[in-house]
Structure formats: structure tokens, C-alpha cells
Amino acid sequence: MKKLICPLLLIVLVMTTNAQSFPHDEFKTKEGKTLSIYFVKHSSLVIKYDNQLMYVDPVSMFADFSKEPKADIILITHEHADHYDTLAIKQLEKEGTKIILNPSTQEKLGKGIIMKNYDDMQIAPGITLEAVPAYNTTPENLKYHPKGRDNGYILTIHGEKIYIAGDTEDIPEMAQLKDIDIAFLPVNQPYTMTVEQAVAAAKVIKPKILYPYHYSNTHVQEIATQLKGTGIDVRIRELQ
């Protein structure tokens with residue numbers, strides 16, 4: 001089998017600790033700078049690039065964020081307690097921290113920059129963010145994540161695109177996502193996707209690298225099995 005070579009990213013796997021106290025993968029961008037993605041737990045991630053430190057859905061039940069470096073940017077996908085936590089935000093916030101979140105969560109927190117589905121903005125030099133839909137489609141699960149309320153995010157860092165899906169099923173809007181380098185797809189029912197839905201979503205999005213996340217007890221290795229031969233590099237990281 002041919003070794004997968006990503007034309008946009010020279011990939012270096014790192015499973016030791018560095019500035020953060022979490023395992024991480026590192027990528028070298030076309031500019032020769034290092035992009036690091038740290039895996040906390042569940043759907044909590046940290047992204048570090050060019051002195052910008054971004055926390056995605058930090059929640060204190062998954063880590064003691066008081067021991068971590070302060071955030072330049074905090075991204076919140078929606079208001080559920082496994083994604084939105086005021087303690088974690090307080091521990092990570094410093095003067096000038098940008099807290100970016102969907103409208104209903106901003107109402108609860110009482111501060112932050114609102115992004116609705118399809119909003120986009122530049123959040124740092126060379127870094128843009130787009131909010132995209134994230135919702136349930138299975139009739140009995142619509143109560144968990146109604147259409148139009150929550151966000152997924154596309155983070156573009158000097159041309160490299162990272163899709164953080166948030167809590168969603170395999171929605172039609174995913175067909176609009178183009179040139180995704182790295183995708184994070186949630187896989188656990190009844191709140192997000194089944195393995196079959198995640199596989200279907202991956203085939204639509206066609207990311208170069210796929211990380212299943214938010215997977216609880218789901219057997220996510222099956223995703224790698226079903227996507228074998230598609231050219232998608234499925235990477236399973238410890239996020240339980």
C-alpha cells in the first residue's frame with residue numbers, strides 16, 4: 001500500500017508532552033511553521049500555531065486547566081456541559097482573550113464574540129474562522145441539537161483547513177465543505193453520529209486526515225476499517 005503523503009502538510013506524529021500537558025500531533029506547514037493539535041478528552045482540543053494558543057470546548061471535568069497556559073482564543077461550539085464550562089473559561093482567560101461562541105451560549109456566559117452559522121471572521125494574523133451548521137437529523141434526537149442553534153467551525157491557518165464538527169450528524173451541508181486538510185467528527189449516539197454516519201460524512205468531506213472524537217464507548221476503529229483504501233488517513237487518539 002502506498003504511503004499517504006499530504007501535499008499541504010508534512011506530518012510528524014508526536015505522542016509526548018510539550019508546552020501543553022496533553023499528547024499531541026505536530027504538522028509542518030508550507031511556511032515551515034509548526035502547527036500542534038493537543039488531545040485533551042472527549043471534544044476538548046488545543047491548537048497552537050505561531051504563538052497563538054486556541055482552546056476548543058475546554059471543560060474542567062476533562063482537565064485541570066488552571067495548570068495550562070492562558071488562551072489567546074477560546075472556541076465554544078454550544079451550550080452543553082461537555083462543551084461549555086465557565087470554570088474552564090475562567091481558568092484560561094486572560095486580558096485580551098477572544099471567546100468565540102454561538103448565540104445561545106453567549107447569552108448564558110454574558111460575554112464573548114457571537115458567531116452564527118455561516119459567519120466568518122479573521123481571529124488572528126493569517127487565521128480565519130467560519131461557523132458552520134451542526135445539528136441532529138434523526139427524528140428522536142432532534143431535541144439534543146436543533147438546527148440553527150449550534151456551531152461547527154472551520155479554522156483556516158495560512159491555507160490549511162481544520163474542520164471541527166461540534167455535535168452533529170451527517171448533515172447535507174457537509175457537501176459544501178471543500179479542501180479540508182484535517183477533520184474532527186463526533187461519533188456517539190444518540191447525540192452525534194453512528195459509525196456508519198461518520199464513514200458517510202468522511203466520504204463526502206474527503207479530509208486528508210480524520211480524527212474521530214466525542215466517541216465515548218463507540219468502537220471507532222471500525223471507521224478506519226471501513227475507510228481503508230479511500231486515501232483518508234484515519235487517526236485514532238485517546239479521547240475517552
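Rings of Phe, Tyr and Trp (its six-membered ring) pair if their centres lie within 6.5 Å, and planes under 30 degrees apart count as stacked, over 60 as edge-to-face and the rest as tilted.

**Entry 1: ground rules.** I am reading a predicted model, in which local features need pLDDT of at least 70 and side-chain atom pairs count only at pLDDT 80 or more, while totals for chains, interfaces and linings use all residues. Residues are numbered from 1 along each chain as its sequence is written, and side-chain values use heavy atoms, with hydrogens and water left out.

**Entry 2: aromatic pairs.** I looked up the aromatic pairs and found 6 in the structure. Phe-39 and Tyr-211 form a tilted one, 5.2 Å centre to centre and with 50° between the planes. Phe-39 belongs to strand 3 (residues 34–39) and Tyr-211 to strand 14, so this pair ties together parts that are 172 residues apart in sequence. I note that strands (E, at least two residues) and helices (H or I, at least four) are DSSP runs, numbered from the N terminus.

Entry 3: I then followed an open sheet of 7 strands, with mixed pairing and the order 9-10-11-12-13-14-15. Strand 9 (120–124) and strand 15 (233–234) stand at its edges with a single partner strand each, so one side of each has no neighbour in the sheet. Two strands pair if DSSP finds at least two bridges between them; strand 11 (residues 150–157) and strand 12 pair in the antiparallel sense over 5 bridges. Ile-154 has Tyr-163 in strand 12 as its bridge partner.

**Entry 4: the second largest pocket.** Ile-154 came up again here, as one of the residues that lie nearest the centre of this pocket, which is lined by 14 residues. A pocket is an open set of points on a 1 Å grid over the protein atoms alone, where a 1.4 Å probe fits, with protein on both sides within 12 Å along at least five of seven lines; lining residues have an atom within 4 Å of a point. Strand 10 (127–134) and strand 12 (160–164) each supply at least two residues of the lining, and strand 10 gives the largest share, 3 residues.

**Entry 5: two backbone details.** I checked the backbone with a general rule in mind: most residues other than glycine have a negative phi, and most peptide bonds are trans. The peptide bond from Gln-189 to Pro-190 is cis, with omega near 5°, and Pro-190 lies in the loop between strand 13 and helix 3. Asp-50 is not a glycine, yet has a positive phi of about 50°; I found Asp-50 in the loop between strand 4 (45–49) and strand 5 (52–56).
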